[in-house]
Amino acid sequence: MNNAVLLVDSPDQPGLVAAVSSWIGAHGGNIVDLEQHVEAETSTFFMRVEWSLEAFGIPFDESAARLDGEVGASFGMRARL
């Protein structure tokens, strides 16, 4: 398998799952697994998403920076690949 795994944490707010999954889909990625939850005490959102790199249009080593610039900064998101 040639998959990527992204771990995200962010202040909880509407649109996080949609933004990340739309970004992956817009670049040709196919999500194969996604888990999310919110830590109620701190209102922190956590997500783990795995997608196929088979048709993904961004080189893996550029993915984290591109995600941050295109999605993450607007949500105050920390992302790790």
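Q: Contact means heavy atoms within 4.5 Å of each other. On that basis, which residues does W23 touch, not counting residues up to four places away in sequence?
A: W23 touches F56, I58, S63, R66, L67, E70 and V71. A word on the ground rules: this is a predicted model, where local features need pLDDT of at least 70, side-chain atom pairs count only at pLDDT 80 or more, and totals for chains, interfaces and linings use all residues. Residues are numbered from 1 along each chain as its sequence is written, and side-chain values use heavy atoms, with hydrogens and water left out.

Q: How do you know whether α1 and α2 are roughly parallel or roughly antiparallel?
A: Helices are DSSP runs of H or I with at least four residues, strands are runs of E with at least two, and both are numbered from the N terminus. The axes of α1 (residues 16-26) and α2 (residues 60-75) come within 11 Å and cross at roughly 150 degrees. Axes are lines fitted to C-alpha atoms, for helices over the stretch in contact, with angles from 0 to 180 degrees between N-to-C directions. Under 35 degrees is roughly parallel, over 145 roughly antiparallel, 65 to 115 roughly perpendicular, and the rest oblique. The pair is therefore roughly antiparallel.

Q: What makes up the contact of α1 with α2?
A: L16, A19 and W23 come from α1, while S63, R66, L67, E70, V71 and F75 come from α2. These residues split into six nonpolar, one polar and two charged. Here Ala, Val, Leu, Ile, Met, Phe, Trp, Tyr, Cys and Pro count as nonpolar, Asp, Glu, Lys and Arg as charged, and the others, Gly among them, as polar.

Q: What makes the phi of S43 worth a look?
A: Phi is near 55 degrees, a positive value in a residue other than glycine. S43 lies in the loop between β2 (30-39) and β3.

Q: What makes something a nonpolar core, and how many residues has the largest?
A: A nonpolar core is a set of buried Ala, Val, Leu, Ile, Met, Phe, Trp, Tyr and Cys residues joined through side-chain atoms within 4.5 Å. The largest has 19 residues, and those with the most contacts inside it are L6, V20, W23, W51, V71 and M77. Two or more residues each come from β1 (3-11), α1, β3 (44-52) and α2. The largest share, five residues, comes from α1.

How values were computed. Buried means under 20% relative accessible area, exposed over 50%, partly exposed in between (1.4 Å probe, protein chains only).
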